[in-house]
Amino acid sequence: MTKEQIFELVKNSIREMVPEINTDNVRIEQSLRDLGVNSIDRMDIVIKCMEDLNLKIPLVEFGKVKNIAGIVELLYEKSTQ
Amino acid sequence: MNRVAVTGLGIVSSIGHNVSEFKHSLKNGRCGIRSMEHDSSKVAASKILGALIHDFSFNDILEHYSEFDGALVSRLKACLKRATVGMKYAAVSAAEAWTSAGLKSENITPERIGIVVAGSNLSCALQYNLHNNFVTSPEYLSPSYALQFMDTDYVGTLSEVFNIKGEGFTVGGASASGNVGIIKACQLIRLKIVDVCLVIGSCADLSPMEIQGFVNLGGMGGNVFAEKPLEACRPFDKEHEGFIYGQASACLVLESIEHARTREAEILSYISGGAIALDANRLSTPCEDGEARAMTGALGEAGLKITDIDYINAHGTSTPLGDITEVNAIKKVFGSRTGEVWINSTKGLTGHCLYSAGVVEAIAVIIQMKENFLHPNLNLYTPIDNECRFCNRQIVEAEVRTALSNSFGFGGINTSVVIEKGEQPQERKR
């Protein structure tokens, strides 16, 4: 999967968990926090992405991530290992 | 004692998704019991009957409320977007009670509102449904589960929806939970801890495992009448054979009389007293003495005598031992007056709504008082007792001013509350 495809997958996950966010306007350099996503929903979004990609990444690794680009990067890196 | 006003009602049940539909079903003796085709495939029993909530659309109902309170609808949407269906029933019943009481978050001090959620183990179905995936991939368990598995998630979520900042907690009392909730909320108001208190009777969203537990315990009916679901729940009839599971969430807005009068709210009825009496018994067996003490205690707290009571909304689950024990307890309390007091059981129409039964039945009492009727005991052909004045299979026109509503739970938890008719509009103006 390309990074662009993973970004789309993250946006799908955002739509599913927080339907009030219009993901058409979401930019990759934004953070989930910037979008007003609460802490529980942020974790739910990340876990949904992992499940979709069939990856098992320790959640602490997402703690270092600063924005959606970081999430995409981490998912991409693990999915290509 | 100080009576507490009831100013709002809300319900989602198998026989109505709001108070108006529920009232119509009570008047017409409409029963919600059907065969639980889908779920019975997972349970080791030939057939399971239940009065389940069908055709419930959270979004359609929210659409209806958006006319009255758009801000409330936005909060409901945001707070409940991934909630369990049980939580959605609770929120919708609370929204109906809240709006029918004429409450608006901006007009009321949040610190003076309380919330009591009645029922325990509210996430059984959620746990059951997550279990298979959890066994194979624990990593993918939704973090929301850490909030959802605690019953107090209902307190947290509903307090955010309605901006409630006073006291809030859950109460458990098995099948008597609803009455326990009403009694505790009245205490909060009488102690002046809050002015307004929501009491939510939670829907028992059982998984096949809990259903199987009840089947194996021998408590469930629907055997002889397996092919005739509408005839299976027969409180106080000689052919009764066990309870039928029902689903409902119901909500009362309780309020101090002063507070209700100050904001010129209509007082639908009063909770005049209530009592909880234990049997010192961990089993499911009912006990005449404990049930009698609950009724006597409720009357005593209300400062009323047996001659003041016109009607008893019985616990009446349709289990042989439970029904006769309640009849004997009523005779013990009412003595020679037994034949003068009307008795019916709402469970004949709704099934046994377990945690919410007390709140569902309080709403049934209030509706019947307001509309001067008593709903039928749908399947009462041959009463187990000839002294009691049971409603028969037809609606009865009757003016009821004061009623007892009984709820008894496993573990010897006996409760009864006294409900009095509300003021007529002309009385309020005086």
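In this predicted model, R3(B) lies over the face of Y270(B), 3.8 Å from the ring centre. A charge counts as sitting over a ring if NZ of Lys or CZ of Arg is within 6 Å of the ring centre and within 35 degrees of the ring normal. The charged end of R389(B) also sits over a ring, that of W342(B), 3.9 Å from its centre.

Next come the rings that pair with each other. Rings of Phe, Tyr and Trp (its six-membered ring) pair if their centres lie within 6.5 Å; planes under 30 degrees apart are stacked, over 60 edge-to-face, and the rest tilted. Over all chains, the count comes to 7 aromatic pairs.

W98(B) is in helix α5 and F162(B) in helix α8 of chain B, 64 residues apart. Helices (H or I, at least four residues) and strands (E, at least two) are DSSP runs, numbered from the N terminus. F236(B) and F390(B) are 154 residues apart.

Are W98(B) and F390(B) buried or exposed? W98(B) is buried at 0% relative accessible area, and F390(B) is buried at 11%. Buried means under 20% relative accessible area, exposed over 50%, and partly exposed in between (1.4 Å probe, protein chains only).

A note on conventions: residues are numbered from 1 along each chain as its sequence is written, and chains are lettered from A and ligands numbered from 1 in the order in which they are written. Local features need pLDDT of at least 70, side-chain atom pairs count only at pLDDT 80 or more, and totals for chains, interfaces and linings use all residues, while side-chain values use heavy atoms, leaving out hydrogens and water.
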